[in-house]
Amino acid sequence: MPRRAGHFTIWPPMKFSLAVYSAPHSAQSASSALRFAKTVLQQGHEIYRVFFYCDGVQNGNATAAPPQDEIDLTAEWQVLGQQHQLDLVICIAAAQRRGVLNQREAERLERPAANLADGFELAGLGQLTDAVANSDRLITFGS
Amino acid sequence: MSIKSLALCRTAPYGNALAREGIEAVLAAAAMDQAVDLLFLGDGVFQLLDHQSPADIGQKSLRRNLQALPMFGIEQFFVCEKSLAEREITLEQIQVAGAETKTVKDTGSLIASYPTVLSF
(Lines give C-alpha, C1' and ligand atoms only; values in the text may rest on other atoms or scores of the structure.)
Protein backbone atom coordinates (compact mmCIF):
# COMPACT_ATOMS: atom_id res chain seq x y z
CA MET A 1 0.00 0.00 0.00
CA PRO A 2 1.30 3.49 -0.80
CA ARG A 3 2.32 5.84 1.94
CA ARG A 4 1.91 9.54 1.31
CA ALA A 5 3.55 12.37 3.24
CA GLY A 6 1.87 12.81 6.61
CA HIS A 7 -0.53 9.99 5.84
CA PHE A 8 -0.18 6.39 6.95
CA THR A 9 -2.04 3.52 5.49
CA ILE A 10 -2.09 0.52 7.78
CA TRP A 11 -2.08 -2.83 6.06
CA PRO A 12 -3.31 -5.59 6.38
CA PRO A 13 -6.72 -4.74 7.92
CA MET A 14 -6.80 -4.82 11.70
CA LYS A 15 -9.31 -4.86 14.50
CA PHE A 16 -9.04 -1.64 16.52
CA SER A 17 -10.51 -0.53 19.80
CA LEU A 18 -10.42 3.06 21.00
CA ALA A 19 -10.25 4.33 24.58
CA VAL A 20 -11.39 7.95 24.84
CA TYR A 21 -10.59 9.86 28.04
CA SER A 22 -11.44 13.45 27.26
CA ALA A 23 -14.67 15.40 26.95
CA PRO A 24 -15.75 17.22 23.80
CA HIS A 25 -14.73 20.90 23.80
CA SER A 26 -12.14 20.29 26.56
CA ALA A 27 -9.31 18.63 24.70
CA GLN A 28 -8.53 18.01 21.07
CA SER A 29 -8.08 14.30 21.68
CA ALA A 30 -11.87 13.74 21.81
CA SER A 31 -12.09 15.07 18.28
CA SER A 32 -8.95 13.18 17.23
CA ALA A 33 -10.60 9.93 18.37
CA LEU A 34 -13.55 10.51 16.06
CA ARG A 35 -11.29 11.46 13.14
CA PHE A 36 -9.15 8.36 13.75
CA ALA A 37 -12.26 6.16 13.85
CA LYS A 38 -13.53 7.60 10.56
CA THR A 39 -10.15 7.09 8.93
CA VAL A 40 -9.57 3.49 9.96
CA LEU A 41 -13.10 2.56 8.88
CA GLN A 42 -12.53 4.30 5.56
CA GLN A 43 -9.33 2.28 5.12
CA GLY A 44 -11.23 -0.96 5.58
CA HIS A 45 -10.33 -1.76 9.17
CA GLU A 46 -12.75 -2.91 11.82
CA ILE A 47 -13.57 -1.11 15.07
CA TYR A 48 -14.35 -3.66 17.75
CA ARG A 49 -15.37 -1.12 20.38
CA VAL A 50 -15.07 2.51 21.41
CA PHE A 51 -14.78 2.74 25.18
CA PHE A 52 -15.43 6.15 26.73
CA TYR A 53 -13.77 6.52 30.12
CA CYS A 54 -12.97 9.32 32.58
CA ASP A 55 -14.17 12.69 31.20
CA GLY A 56 -14.67 10.92 27.88
CA VAL A 57 -18.11 9.82 29.10
CA GLN A 58 -19.30 13.33 28.22
CA ASN A 59 -19.16 12.30 24.55
CA GLY A 60 -22.42 10.47 25.29
CA ASN A 61 -24.14 13.37 27.02
CA ALA A 62 -27.23 14.20 24.96
CA THR A 63 -27.87 17.47 26.79
CA ALA A 64 -24.66 19.17 25.62
CA ALA A 65 -25.57 21.97 23.21
CA PRO A 66 -22.47 23.33 21.47
CA PRO A 67 -22.71 26.48 19.30
CA GLN A 68 -23.78 25.72 15.74
CA ASP A 69 -20.41 26.57 14.24
CA GLU A 70 -18.63 24.04 16.48
CA ILE A 71 -18.41 20.31 15.96
CA ASP A 72 -21.04 18.25 17.78
CA LEU A 73 -19.04 15.13 18.64
CA THR A 74 -21.99 13.33 20.22
CA ALA A 75 -24.03 13.68 17.03
CA GLU A 76 -21.04 12.67 14.89
CA TRP A 77 -20.47 9.52 16.94
CA GLN A 78 -24.16 8.68 16.63
CA VAL A 79 -24.03 8.95 12.84
CA LEU A 80 -20.80 6.98 12.56
CA GLY A 81 -22.10 4.42 15.03
CA GLN A 82 -25.23 3.88 13.01
CA GLN A 83 -23.37 3.67 9.70
CA HIS A 84 -20.95 1.04 10.96
CA GLN A 85 -22.88 -0.61 13.82
CA LEU A 86 -20.23 0.57 16.28
CA ASP A 87 -20.19 -0.60 19.88
CA LEU A 88 -20.08 2.77 21.67
CA VAL A 89 -19.66 1.97 25.35
CA ILE A 90 -19.69 4.51 28.19
CA CYS A 91 -18.10 3.35 31.45
CA ILE A 92 -20.96 3.24 33.92
CA ALA A 93 -18.85 4.03 37.02
CA ALA A 94 -17.20 7.05 35.38
CA ALA A 95 -20.56 8.16 33.99
CA GLN A 96 -22.35 8.03 37.34
CA ARG A 97 -19.72 10.28 38.88
CA ARG A 98 -20.11 12.80 36.06
CA GLY A 99 -23.88 12.68 35.61
CA VAL A 100 -24.31 10.75 32.39
CA LEU A 101 -27.27 8.49 33.10
CA ASN A 102 -29.76 6.42 31.16
CA GLN A 103 -33.40 6.23 32.24
CA ARG A 104 -32.84 3.19 34.40
CA GLU A 105 -29.85 4.66 36.24
CA ALA A 106 -31.57 8.03 36.72
CA GLU A 107 -34.49 6.28 38.38
CA ARG A 108 -32.33 3.94 40.43
CA LEU A 109 -30.09 6.78 41.69
CA GLU A 110 -33.05 9.17 42.10
CA ARG A 111 -31.69 11.83 39.80
CA PRO A 112 -33.93 14.32 37.96
CA ALA A 113 -32.99 13.49 34.38
CA ALA A 114 -31.61 10.87 32.03
CA ASN A 115 -29.24 12.23 29.40
CA LEU A 116 -27.47 9.29 27.75
CA ALA A 117 -27.47 9.87 24.00
CA ASP A 118 -29.09 7.27 21.73
CA GLY A 119 -26.58 4.92 20.17
CA PHE A 120 -24.40 4.77 23.31
CA GLU A 121 -24.72 2.22 26.07
CA LEU A 122 -23.61 2.13 29.69
CA ALA A 123 -21.49 -0.86 30.71
CA GLY A 124 -18.77 -1.83 33.15
CA LEU A 125 -14.98 -1.67 32.95
CA GLY A 126 -15.02 -5.31 31.92
CA GLN A 127 -15.83 -4.05 28.44
CA LEU A 128 -12.44 -2.32 28.31
CA THR A 129 -10.73 -5.52 29.41
CA ASP A 130 -12.68 -7.43 26.78
CA ALA A 131 -11.67 -4.90 24.13
CA VAL A 132 -7.99 -5.32 25.05
CA ALA A 133 -8.31 -9.09 24.73
CA ASN A 134 -10.17 -9.06 21.43
CA SER A 135 -8.54 -6.28 19.41
CA ASP A 136 -5.31 -6.19 17.44
CA ARG A 137 -4.66 -2.66 18.69
CA LEU A 138 -6.04 -0.47 21.48
CA ILE A 139 -5.55 3.22 20.76
CA THR A 140 -5.86 5.59 23.72
CA PHE A 141 -6.97 9.18 23.23
CA GLY A 142 -5.88 10.69 26.52
CA SER A 143 -6.91 13.71 28.52
CA MET B 1 -7.94 -14.62 26.51
CA SER B 2 -4.54 -14.62 28.13
CA ILE B 3 -2.79 -11.68 26.50
CA LYS B 4 -0.71 -9.83 29.03
CA SER B 5 -1.06 -6.08 28.90
CA LEU B 6 0.86 -3.26 30.51
CA ALA B 7 -0.82 -0.34 32.28
CA LEU B 8 1.16 2.89 32.45
CA CYS B 9 0.52 4.96 35.56
CA ARG B 10 1.75 8.41 34.65
CA THR B 11 -0.19 10.84 36.82
CA ALA B 12 0.15 11.90 40.45
CA PRO B 13 -2.52 10.39 42.71
CA TYR B 14 -4.84 13.30 43.52
CA GLY B 15 -4.42 16.10 40.99
CA ASN B 16 -6.24 14.28 38.24
CA ALA B 17 -8.96 11.61 38.29
CA LEU B 18 -6.98 9.58 35.75
CA ALA B 19 -4.76 8.08 38.45
CA ARG B 20 -7.72 6.63 40.36
CA GLU B 21 -9.66 5.59 37.29
CA GLY B 22 -6.55 3.93 35.88
CA ILE B 23 -6.08 1.77 38.95
CA GLU B 24 -9.81 0.98 38.91
CA ALA B 25 -9.49 -0.25 35.32
CA VAL B 26 -6.52 -2.41 36.33
CA LEU B 27 -8.48 -3.87 39.25
CA ALA B 28 -11.40 -4.64 36.93
CA ALA B 29 -9.09 -6.43 34.49
CA ALA B 30 -7.42 -8.37 37.29
CA ALA B 31 -10.81 -9.37 38.69
CA MET B 32 -11.58 -10.83 35.24
CA ASP B 33 -8.34 -12.87 35.36
CA GLN B 34 -6.72 -10.74 32.67
CA ALA B 35 -3.01 -10.46 33.35
CA VAL B 36 -1.91 -6.85 33.73
CA ASP B 37 1.50 -5.51 34.66
CA LEU B 38 1.94 -1.97 35.93
CA LEU B 39 4.64 0.53 35.12
CA PHE B 40 4.78 3.68 37.23
CA LEU B 41 6.59 6.52 35.55
CA GLY B 42 6.76 10.29 35.55
CA ASP B 43 4.59 11.78 38.29
CA GLY B 44 2.86 8.39 38.51
CA VAL B 45 5.58 7.27 40.93
CA PHE B 46 3.97 9.57 43.52
CA GLN B 47 1.04 7.11 43.66
CA LEU B 48 3.29 4.63 45.45
CA LEU B 49 4.57 6.97 48.16
CA ASP B 50 3.82 5.90 51.70
CA HIS B 51 2.50 8.31 54.35
CA GLN B 52 -0.17 9.90 52.18
CA SER B 53 -2.91 11.90 53.94
CA PRO B 54 -5.55 12.39 51.23
CA ALA B 55 -8.32 12.86 53.81
CA ASP B 56 -6.85 16.32 54.50
CA ILE B 57 -7.98 17.40 51.04
CA GLY B 58 -11.24 15.45 51.05
CA GLN B 59 -9.94 12.58 48.93
CA LYS B 60 -10.07 8.82 49.30
CA SER B 61 -6.77 6.99 49.54
CA LEU B 62 -5.55 5.68 46.21
CA ARG B 63 -2.79 3.75 47.91
CA ARG B 64 -5.48 1.57 49.47
CA ASN B 65 -6.46 0.51 45.93
CA LEU B 66 -2.82 -0.26 45.15
CA GLN B 67 -2.61 -2.36 48.28
CA ALA B 68 -5.54 -4.43 46.99
CA LEU B 69 -3.71 -5.36 43.78
CA PRO B 70 -1.71 -8.29 45.25
CA MET B 71 -5.02 -9.87 46.29
CA PHE B 72 -5.94 -9.89 42.60
CA GLY B 73 -2.70 -11.56 41.56
CA ILE B 74 -0.69 -8.45 40.68
CA GLU B 75 2.43 -9.04 42.73
CA GLN B 76 5.01 -6.89 41.01
CA PHE B 77 5.16 -3.22 40.13
CA PHE B 78 7.59 -1.86 37.59
CA VAL B 79 8.88 1.60 38.43
CA CYS B 80 10.92 3.90 36.19
CA GLU B 81 14.32 4.36 37.81
CA LYS B 82 14.88 7.77 36.24
CA SER B 83 11.49 9.08 37.42
CA LEU B 84 12.37 8.07 40.99
CA ALA B 85 15.79 9.72 40.80
CA GLU B 86 14.39 12.95 39.36
CA ARG B 87 11.98 13.20 42.29
CA GLU B 88 14.52 12.04 44.88
CA ILE B 89 12.25 9.18 45.92
CA THR B 90 13.89 6.10 47.41
CA LEU B 91 12.76 2.50 47.04
CA GLU B 92 12.04 2.36 50.78
CA GLN B 93 9.39 5.06 50.36
CA ILE B 94 7.38 3.18 47.74
CA GLN B 95 6.99 -0.31 49.13
CA VAL B 96 3.54 -1.90 48.98
CA ALA B 97 2.91 -4.98 51.11
CA GLY B 98 2.58 -8.14 49.04
CA ALA B 99 4.09 -6.63 45.91
CA GLU B 100 7.65 -6.56 44.70
CA THR B 101 8.87 -3.22 43.35
CA LYS B 102 11.19 -3.57 40.38
CA THR B 103 13.03 -0.58 39.03
CA VAL B 104 13.36 -0.35 35.27
CA LYS B 105 16.13 1.48 33.43
CA ASP B 106 14.97 0.95 29.87
CA THR B 107 11.23 1.65 30.00
CA GLY B 108 11.01 1.78 26.21
CA SER B 109 12.04 -1.85 25.79
CA LEU B 110 9.68 -2.93 28.58
CA ILE B 111 6.73 -1.14 26.96
CA ALA B 112 7.64 -2.54 23.54
CA SER B 113 7.54 -6.11 24.88
CA TYR B 114 3.75 -5.97 25.52
CA PRO B 115 1.16 -6.47 22.78
CA THR B 116 -1.24 -4.04 24.46
CA VAL B 117 -0.57 -0.98 26.56
CA LEU B 118 -3.15 0.92 28.58
CA SER B 119 -2.09 4.46 29.35
CA PHE B 120 -3.37 6.32 32.39
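Me: In which strand of chain A is Phe51(A) found?

Reply: The model is a predicted one. Phe51(A) belongs to strand β2 of chain A, which covers residues 46-52.

Me: What makes Phe51(A) count as buried rather than exposed?

Reply: The criterion for a buried residue is 20 or more other C-beta atoms within 10 Å of its own. Phe51(A) has 27 such atoms within 10 Å, and therefore it is classed as buried.

Me: Which residues does Phe51(A) touch, leaving aside those up to four places away in sequence?

Reply: Its contacts include Ser17(A), Leu18(A) and Ala19(A), together with Val89(A) and Cys91(A). Gln127(A), Leu128(A) and Ala131(A) are also among them.

Me: How do you know that the span of helix α2 of chain A is close to the expected one?

Reply: Helix α2(A), residues 73-84, has twelve residues. From its first C-alpha to its last it reaches 16 Å, and 16 Å is what is expected at 1.5 Å a residue. The residue that follows α2(A) is Gln85(A), with a positive phi near 50°.

Me: Why are the buried residues of α2(A) said to line one face of the helix?

Reply: The residues concerned are Leu73(A), Thr74(A) and Trp77(A). Viewed down the axis of α2(A), the buried residues fall within an arc of 100°, so they line one face. They pack against α1 (28-42) and β3 (88-91) of chain A. Val79(A), Gln82(A) and Gln83(A), on the other side of α2(A), are exposed.

Me: What makes β4 and β5 of chain B edge strands?

Reply: The open sheet of chain B has five strands in the order β4-β3-β2-β1-β5, with parallel pairing. β4 (100-104) and β5 (116-119) each have a single partner strand, so one side of each lacks a neighbour in the sheet. Neighbouring strands are turned by 25° against each other on average, direction ignored.

Me: How do you know that β1 and β2 of chain B are paired?

Reply: Pairing requires at least two bridges between the strands. Five bridges join β1 (residues 5-9) to β2 (residues 36-40) in chain B, so the two strands qualify as a pair, and they run parallel. Within this pairing, Cys9(B) stands opposite Phe40(B).

Me: Which element supplies the largest share of the side of chain B that touches chain A?

Reply: In this interface, 15 residues of chain B contact 15 residues of chain A. The largest share of the chain B side, seven residues, comes from α1(B). By class, that side comprises nine nonpolar, four polar and two charged residues.

Terms used
Residues numbered from 1 in each chain as written. Chains lettered and ligands numbered in written order. Predicted model: local features only at pLDDT ≥ 70, side-chain atom pairs only at ≥ 80, totals over all residues. Helix = DSSP H or I, 4+ residues; strand = E, 2+ residues; numbered from the N terminus. Axes fitted to C-alpha atoms, helices over the stretch in contact; angles between N-to-C directions. Buried ≥ 20, exposed ≤ 12 C-beta atoms within 10 Å, placed from the backbone. Contact = placed C-beta atoms within 7 Å. Nonpolar A, V, L, I, M, F, W, Y, C, P; charged D, E, K, R; others polar. Expected span 1.5 Å × (residues − 1). Arc of directions from axis to C-beta.
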